[in-house]
Amino acid sequence: MEKDTIAAISTPLGEGAIAIVRLSGDEAVEIANRIFHGKDLMEADSHTIHYGKIIDPTTDQFIEEVMVSVMKAPKTFTRENVVEINCHGGLASVNRLLELALQMGARLAEPGEFTKRAFLNGRIDLSQAEAVMDLIRAKTDKAMDVAIKQLDGKLSKLIHQLRQELIETVAHVEVNIDYPEYDDVEEMSHDMMLIKTKQVYQEVERLLQMAKQGKILREGISTAIIGRPNVGKSSLMNALVHENKAIVTDIPGTTRDVIEEYVNIRGVPLRLVDTAGIRDTEDIVEKIGVERSRQVLKEADLILLVVNHNESLTEEDKKLFELVRDLEVIVLINKTDLPKKIDEEKVRQLANDQPIITTALIEEKGIDQLEQAIADTFFAGELESNDLTYVSNVRHIQLLKQAMDALDEAMTGMTDGMPIDLVQIDVTRAWQLLGEIIGDTVQDSLIDQLFSQFCLGK
Amino acid sequence: MTYDAGNFDVIVIGAGHAGVEAANASAKRGAKTLMLTLNLDMIAFMPCNPSIGGPAKGVVVREVDALGGLMGKVIDKTYIQMRMLNTGKGPAVRALRAQADKPLYIQEMKQQLENIDNLTLRQGMVEKLIVEDGVCKGVITETKAAYYAKSVIITTGTFMRGRVIIGDLSYESGPNNQRASVKLSENLEELGFDLVRFKTGTPPRVNSHTIDYSKTEIQPGDENPSHFSYETVEAIVDQIPCWLTYTNEKTHQIIDDNLGLSAMYSGMIKGTGPRYCPSIEDKVVRFHDKPRHQIFLEPEGRNTEEIYVQGLSTSLPEFVQREMLRSIPGLEEAEIMRAGYAIEYDAVVPTQLWPTLEVKNIAGLFTAGQINGTSGYEEAAGQGLIAGINAAAKALNAETLILDRSQAYIGVLIDDLVTKGTNEPYRLLTSRAEYRLLLRHDNADMRLTEIGYRLGLISDKRYNEFIEKQEQVEKEKKRLAKQTIKPSDQLNQLMDNIGATPLKEPNKAADLLKRPEINYVFIEKVTEASMPLPADVKEQVEIQIKYQGYIEKSNQQVDKMKKTENKLIPDNIDYDAIGGIATEAKQKLKKVRPLSVGQASRISGVNPADISILLVYIEQGNVARINEI
C-alpha cells in the first residue's frame with residue numbers, strides 16, 4: 001500500500017466548538033512535530049495527549065493553541081501512526097492547520113481514505129468490506145458533487161481558459177519537436193513561452209488571492225473594534241452579539257487570550273476577533289508600537305473605530321485614525337445620547353471617505369445604520385455574493401498552489417536557459433494540475449490540440 | 001486437402017518491418033522459426049516514404065537495436081542521407097532520421113535474415129489459422145501446406161482486405177499493387193476478432209530527370225552523420241540531398257475545383273485516416289487560409305530515378321495529380337512514374353491483445369505492426385520485436401518481456417494500444433510519452449542492453465563494450481563531482497571567450513557543467529581528463545550532469561507510477577462480483593483485462609473511485625488469506 005501520510009479535517013466544518021485535524025501514516029508524528037511547539041512528540045508515548053502551540057515554521061507565526069493526541073501503530077483506527085490535533089472550531093484556524101500539515105509533507109486524504117486504510121490494514125472486519133466499498137463510492141461521489149458545486153461556472157470557465165492558454169503553448173512546442181522541418185510554425189522561443197507562462201501564473205495567483213476573499217465569506221469577516229477607553233467598545237460588542245444571535249461562542253478561558261464571536265449581520269458573517277488583544281487594549285499603540293499594531297490591524301478585514309461624541313478628539317484618536325488609513329474602516333461616533341463635544345468636521349477629514357455612523361449604543365440607537373453600513377461595505381461592488389469567482393475547496397486550493405509552483409519552476413528553467421522541451425514538462429504539469437480541478441486530465445487532448453492547431457505533414 | 005509441411009516453434013506471417021524483427025528476435029532466442037511472405041522480393045519493403053526515424057520513431061529504432069533488432073543495422077548500411085533533427089533543443093527530443101535506399105534496404109534485410117540460424121524463409125499466402133480449443137497450432141497456405149507451431153505471429157500490415165483507391169477507381173490490392181490478403185481476414189472474423197477499417201495514403205512518385213531542381217531548396221545530410229545502431233562504425237560518405245519546394249494558390253485552386261473527385265471526399269472511403277499524415281486535399285480544406293504547404297522531394301534510392309513527393313499524399317484521380325504537381329515550382333514538367341493512392345485495410349482492435357501482444361482469446365497467437373492499428377515502419381518494428389521475443393518465450397517456456405512506459409517508447413506504444421485502443425492509425429509522438437526525458441535517443445542502450453543480453457539477443461562482445469561504457473560514464477561523473485575548479489585569470493579569460501560569467505568562487509566541475517553556457521568540452525579543457533573519453537561517454541556525462549534536476553524529477557514521477565504498476569490484478573478476478581465499480585468501468589475492465597492497477601487506471605472510463613474499490617477488493621483477498629492463517 002502507499003505509505004504516505006494523509007491529513008484531513010475529521011469533524012464537520014463550522015459546527016462544533018472543537019475541530020480535529022487528523023493525520024495518518026508513517027510520518028504522521030514527524031509532520032505534526034514540525035508545527036507543534038510543546039513536548040517533543042517524537043518522544044511522546046503512544047496514546048498520550050499534549051498541550052501546546054501550533055506555529056508556522058516558515059514564518060514563526062503563531063496559529064493556534066491546541067491539544068495533540070499521539071497514537072502509534074498498530075493500535076489505532078488505521079493501524080498506522082495517527083495524530084489528532086484538536087483546536088477550537090474557528091474555521092479559519094482549522095483550515096490553516098490543515099494547510100500547514102499539507103505544507104509539511106502530508107497529502108490531503110481522499111474521501112473515505114482513513115476508512116479505506118483501516119480496512120486495508122486489516123483493522124476492519126472482513127464482513128465490512130462491502131460496506132467500505134459503498135462508503136468510498138458514496139463519499140467519492142459526494143465529494144465530486146460538492147467539488148463540482150463549489151466549482152462555480154465562472155471559475156470553471158476561467159480554468160478552462162487558462163488551460164487552453166497553456167495547452168496552446170505546449171502544443172506549439174510539441175509541434176516544433178515532432179515536426180522539426182515544418183517551417184511555417186514559428187519556433188517557440190523562451191521569451192514567448194515566458195510571457196505566456198507569466199500570464200497564467202499571475203491569473204492563478206489572482207485566483208488564490210480571491211480564494212482568500214472567498215474564505216472571508218465562509219469563515220467570517222474578521223472584525224476588530226478599536227478606540228480609546230470608555231468610548232463604548234464593549235457596548236458595541238454586546239449590541240452586535242445581543243442583536244444577532246451568536247453563531248459560535250468561545251468562552252474566554254484561562255488558557256486562551258483569543259476570543260472569537262460569530263455574528264451574522266444581514267447575511268455577512270462577522271467574526272469579531274481580538275487578535276493580539278486589539279479589542280480590549282486601549283493603548284494598543286503604546287503597548288506594541290505603531291508598526292506592529294498596523295501589521296496586526298492589517299490582518300483584520302474590517303475595523304470598527306469608535307470615538308466619543310461627548311469628548312473632543314485627542315491625540316490618541318488621531319493616532320488611531322493614522323493607524324487604520326487605507327484599511328477597511330467604519331467610524332462610529334458613539335454616545336450621541338450625551339452632549340456633543342466632538343468636532344464632526346474634523347472626524348470627517350480624518351476618516352477620509354470611510355463611512356461614519358452616529359450611535360447611542362447604550363440606547364441601542366444607530367445599530368441599524370451600522371449594520372447597513374457593514375452590509376454595504378461587503379456586498380457593494382466586487383464582493384457581491386452571487387457574483388463571486390472564488391475557490392473555496394481545499395483540494396482546489398492545493399491544486400492551484402501546485403500549479404503555481406510548476407509554473408514557477410518553468411519560469412526558473414526559462415531564465416536559467418534550460419532547453420524549451422524540458423521547461424515545457426513543467427508547463428504540461430501545470431496544465432494537468434489545473435485539469436484535476438475540473439476533472440479533466442486526459443492526455444489525448446494534447447494530441448487533439450496538436451492536430452487541430454497545426455496543419456502537419458512530414 | 002492439406003499436406004503436413006513441417007513443425008516449427010514460431011511462425012511469422014508477413015515479412016514487413018514487424019515480421020522481420022519478429023522472425024529475427026524469435027530465431028535469436030533459439031526458437032525454430034518460419035517466416036512466410038507473399039513475395040520474397042518484397043521483404044521489408046517501404047510502401048510509403050523512403051525514410052526511417054525522426055522524433056520518437058528514431059528513438060524506437062535505437063531501442064530495437066539495443067534489443068538486438070535489425071532495423072538500425074540495415075538502415076545504417078544503406079542510407080542515402082542522415083540528419084540529426086532538433087539539435088537546437090534538449091537531449092530528450094534529439095532525433096535521428098535517415099533517407100533510405102528502398103531497393104538496397106530490401107536486399108540488405110533479406111541477406112541478414114538468410115544468415116540467421118534457426119530461421120526459414122518461405123514464399124506463401126496464409127489463408128487460415130489452425131485453432132483448436134482456443135489455442136493456435138499453425139497455419140494453412142493457399143497451396144494447402146499446413147505448418148505447425150507453438151506460436152504464430154501475424155504481421156500482415158495493410159494487406160488484410162486491402163483496397164486501393166485513386167479518384168473513382170477502386171480495386172482489391174495490397175500496397176503497391178501486391179495481392180491483398182482476403183481469406184485470412186475472413187478467417188480472423190470467423191475466429192471472433194473485432195476488426196476496424198483504417199485508411200492511409202501515399203503521394204505520387206515522379207521521374208527525377210523531369211524535375212527542375214534549380215527552383216527548389218537543397219536539403220543536405222549531416223556532414224558527420226550519427227547512426228542508429230550501436231554496432232555501426234563506418235559512415236556512408238556520398239550522401240544524396242533532398243529538395244524542398246512549396247504548393248501555391250494555383251495548386252490549392254486545382255484541389256478545390258476537383259475536390260468532388262477525391263475518393264476522400266466523394267464518400268468512397270469509409271476507413272479512418274490519420275490526422276498526423278493528412279492528404280493534401282485534407283490540408284487544403286482544413287487549413288484553407290494557408291497560402292502554401294511544404295513539399296519535400298526525396299529520392300527512393302541511389303540506383304533509381306524515382307522521386308517521392310513528400311507532402312502530396314492524395315486520392316485524387318491521376319489527371320488531377322498531374323495537374324496539381326505541375327503547378328508546383330520545379331515540377332512544371334514532372335512526369336508521374338506511379339500515381340498516389342489511398343489504401344483501406346482491416347486492422348485488429350488492439351485492446352484484444354495482452355501487453356505481450358498475444359491475443360487474449362487465442363493462446364499462442366500474436367499480432368504485431370500495422371495490423372494492430374499503428375502506422376509507420378518503426379512502430380511496426382518495435383511491436384514485431386516484442387511479439388517475436390514473447391512468441392519464442394511461449395514456445396520455449398522462457399522469460400516474456402513487457403516494457404513499461406518509463407523504459408521505452410516501445411512500452412508507451414504497446415501500452416497505449418492494448419489499454420486505450422486507437423480510433424485512427426496510431427503514430428508515436430514525443431508527446432505521448434510522460435517520461436520522455438528518460439526515453440532519450442542517447443540512452444537507449446543504457447535502458448535496454450541489459451535486457452537484450454539477458455534474453456540472448458545481444459552478443460557477449462557488444463555487452464562487454466556496453467559495460468565498459470557504463471563504467472567510464474560513472475567514473476567520469478564521480479571525477480567531476482569531486483574536482484574543484486578555482487577561479488584564475490586564465491580560466492576567466494577562457495570563460496569570457498565563450499560568453500560565460502567569470503568564476504568568483506571555487507566550484508565543483510560538475511556544478512560548473514550545469515551552467516547553460518558551459519559544455520563538457522570546456523570542462524574537459526580546464527580539468528585535464530586523465531585520458532580522452534569516447535564521444536558517447538562524454539555525451540552521457542554531459543547530459544546526466546546538466547539535466548540532473550529534471551531527470552530526478554522524472555524519476556520521482558516514475559517511482560510514483562510504479563507503485564500502482566506493481567500492484568498486480570489476479571488473473572481470475574471477477575469484476576461482476578465487485579459491488580462498487582460503476583457499470584461503464586466494469587465493461588471496460590472486462591474487455592481490457594488490465595494486468596495491473598496502474599494499467600487499469602489508464603483506461604478511459606475507469607475513474608479514481610473505481611480504482612480505489614478495485615484496490616480494496618484486491619487487498620480483501622490478501623486480508624482473507626491472512627485471516628485464514
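Why are B:Tyr463 and B:Phe466 of helix α13 separated by about one helical turn? They stand three residues apart in α13 (residues 460–482) of chain B, and therefore about one helical turn lies between them. An α-helix has 3.6 residues a turn, so residues three or four places apart point the same way.

The model under discussion is predicted, and local features need pLDDT of at least 70, side-chain atom pairs count only at pLDDT 80 or more, and totals for chains, interfaces and linings use all residues. Residues are numbered from 1 along each chain as its sequence is written, chains are lettered from A and ligands numbered from 1 in the order in which they are written, and side-chain values use heavy atoms, with hydrogens and water left out. Helices (H or I, at least four residues) and strands (E, at least two) are DSSP runs, numbered from the N terminus.

The rings of B:Tyr463 and B:Phe466 have their centres 6.3 Å apart and their planes at 35°, so this pair is tilted. Rings of Phe, Tyr and Trp (its six-membered ring) pair if their centres lie within 6.5 Å; planes under 30 degrees apart count as stacked, over 60 as edge-to-face and the rest as tilted. B:Tyr463 has a relative accessible area of 12% and is buried, and B:Phe466, at 6%, also counts as buried. Here buried means under 20% relative accessible area, exposed over 50%, and partly exposed in between (1.4 Å probe, protein chains only). Together with B:Tyr453, these two residues form one aromatic cluster.

Over all chains the structure holds four aromatic pairs. One of them joins B:Phe8 and B:Tyr147, whose ring centres are 6.3 Å apart and whose planes meet at 55°, so the pair is tilted. It links distant parts of the chain, since B:Phe8 belongs to strand β1 (residues 3–13) and B:Tyr147 to strand β9 (residues 145–154), 139 residues apart. Both B:Phe8 and B:Tyr147 are buried.

Chain B also contains an open sheet of three strands in the order β3-β5-β4, with antiparallel pairing. Two strands pair if DSSP finds at least two bridges between them. The edge strands, β3 (51–53) and β4 (81–85), each pair on one side only. Three bridges join β3(B) to β5(B) (residues 95–99); in this pairing B:Ile52 has B:Ala98 as its bridge partner, and B:Ser51 stands opposite B:Gln99. Five bridges connect β4(B) and β5(B), where B:Leu85 stands opposite B:Ala95.

In a regular strand the side chains alternate between the two faces of the sheet. Both faces of β5(B) are covered: B:Ala95, B:Arg97 and B:Gln99 on one side, and B:Leu96 and B:Ala98 on the other, are all buried.

The buried residues of α18(B) are B:Tyr550, B:Ile551, B:Ser554, B:Val558, B:Met561 and B:Glu565. They cover an arc of only 95° around the axis, which puts them on the same side of the helix; the arc is that of the directions from the helix axis to the C-beta atoms. The face turned away from this buried side carries the exposed residues B:Gln556, B:Asp559 and B:Lys560.
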